[in-house]
Amino acid sequence: MKCYICAKEGKDTDAVAVCIVCGMGVCMDHAIREDVDLWEGGYPFPAEEMRKVLPRILCPECSSALRGD
Amino acid sequence: MAGFKNLPRRCLAEFIGTFFLVFIGAGAAVITLMIEKGAVHPNSFNMGIGVLGGLGDWLAIGLAFGLAISAVIYALGNISGAHINPAVTLALWAVKKFPGADVIPYIVSQLAGASFASLLFAGVVGMGAVTVGGLGATAPFPGVGYIQAVVAEAVGTFLLMLAIMGVAVDKRATPGFAGLVIGLTVAGIITTLGNITGASINPARTFGPYLGDLILGGSNLWIYFPIYVVGPVAGAVLAAFAYMYMAGD
């Protein structure tokens, strides 16, 4: 699989990952690794942030959407 | 069981949540009594609420409670768990879902929030809230005995706790519906139990108006307070154990 973003720019780069949200193949330069906070509990118990985080690989567009930019 | 963090913040959430429960919910009962003051009571079973609207009066009061509870659950449920009811806190502790060390601080916060709500409501509405509305204090209605009132409160709280266990505590529950379902459950319980015991199903909800009435010179109803402790706590604890048994936990 090739990097979709590089392909749009006319470059031919191998993808090293797939965006977990949109499925886009991304190369090392365009892959973004995000750690998503995990919460446990909630009504009728207090919700508490867990020590573990959920690692996610995203394309720049989905990463931007996740952060609300 | 493992404890939760930030007890002071959680206690503040319980204080605020119970404040709104009493200010909005018990406040609706006060306003209904003030609106219907002077109306001719059709029979001795009617003490004011229901003179003009029948059971619709109790439905309106029930919805005021229920919608306030829904708002509190959605707003504060992730912070403290939004028990806003000592019977719920004790029942969750009884089935080992809530740490024992947090029980007393939670109950103290709930009682304080309810009391502050009653006093502030009197401050906002005026002394009519005390002399006419009794700050929404609960008491058994004519013809309802002490034990009958305890049983009625236990039955109502049993249903409330059963709903909490099924829609919130059980991990199989569909997320997101707890606040709505529990608010509507409380509204339904109040519609039927309202003209029997006042439908407290919550010791804090009765404690606040009782203390407010005592401080501000209203009726002294403390002789009835055990009804609103024994009934709700027994009903909630029984429901929690019954659900755990039925669910196979």
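Reader: Which elements of chain A have the lowest and the highest mean pLDDT?

Author: This is a predicted model, and pLDDT is the predictor's confidence in each residue, on a scale from 0 to 100. Among the elements of chain A, β3(A) has the lowest mean pLDDT, 88, while strand β2 (residues 25–26) of chain A has the highest, 97. Over the whole of chain A the mean is 92, and 100% of its residues reach 70 or more.

Reader: And what is the mean pLDDT of chain B?

Author: For chain B the mean pLDDT is 95, with 99% of the residues at 70 or more. The model scores ipTM 0.83 and pTM 0.88.

Reader: Back to β3(A). What makes β3(A) and β4(A) a pair?

Author: Two strands pair if there are at least two bridges between them. Strand β3 (residues 32–42) of chain A and strand β4 (residues 45–58) of chain A are joined by 9 bridges, so they pair, and they run antiparallel. If you want a spot to look at, Asp37(A) stands opposite Val53(A) in β4(A). A hairpin through 2 residues joins β3(A) to β4(A).

Reader: What is the peptide bond from Tyr43(A) to Pro44(A) like, and how do you know?

Author: That bond is cis, with omega near 0°. Pro44(A) lies in the loop between β3 and β4 of chain A. In general, most peptide bonds are trans, and most residues other than glycine have a negative phi. Look for Lys96(B) in the loop between α3 (86–94) and α4 (103–125) of chain B.

Reader: Why are α1(B) and α2(B) called roughly antiparallel?

Author: Helix α1 (residues 7–35) of chain B and helix α2 (residues 55–76) of chain B have axes that cross at roughly 165° and come within 9 Å. Angles over 145 degrees count as roughly antiparallel, so that is what α1(B) is to α2(B). Their crossing is right-handed. In the contact, residues of α1(B) including Phe20(B) and Ile24(B) meet residues of α2(B), among them Phe65(B) and Ile69(B). By class, the contact of α1(B) with α2(B) has 15 nonpolar, 3 polar and 1 charged residues.

Reader: What about α6(B) and α7(B): what makes them roughly antiparallel?

Author: Try the cut-off again: over 145 degrees. Here α6(B) and helix α7 (residues 178–197) of chain B pack at about 170°, with axes 10 Å apart. That angle therefore makes α6(B) roughly antiparallel to α7(B). The contact includes Leu159(B) and Leu160(B) of α6(B), and Ile189(B) and Leu193(B) of α7(B). The contact of α6(B) with α7(B) divides into 15 nonpolar, 3 polar and 1 charged residues.

Reader: How many residues does each chain bring to the contact between chain A and chain B?

Author: Chain A gives 7 residues and chain B gives 17. On the chain A side, β4(A) supplies the largest share, with 4 residues. That side of chain A has 5 nonpolar, 1 polar and 1 charged residues.

Conventions. Residues are numbered from 1 along each chain as its sequence is written. Chains are lettered from A and ligands numbered from 1 in the order in which they are written. This is a predicted model: local features need pLDDT of at least 70, side-chain atom pairs count only at pLDDT 80 or more; totals for chains, interfaces and linings use all residues. Axes are lines fitted to C-alpha atoms, for helices over the stretch in contact, and angles run from 0 to 180 degrees between N-to-C directions. Angles under 35 degrees count as roughly parallel, over 145 as roughly antiparallel, 65 to 115 as roughly perpendicular and the rest as oblique. A crossing is left-handed if the near helix is turned anticlockwise from the far one by less than a right angle, and right-handed if clockwise. Two residues are in contact if their C-beta atoms, placed from the backbone, lie within 7 Å. Ala, Val, Leu, Ile, Met, Phe, Trp, Tyr, Cys and Pro count as nonpolar, Asp, Glu, Lys and Arg as charged, and the others, Gly among them, as polar.
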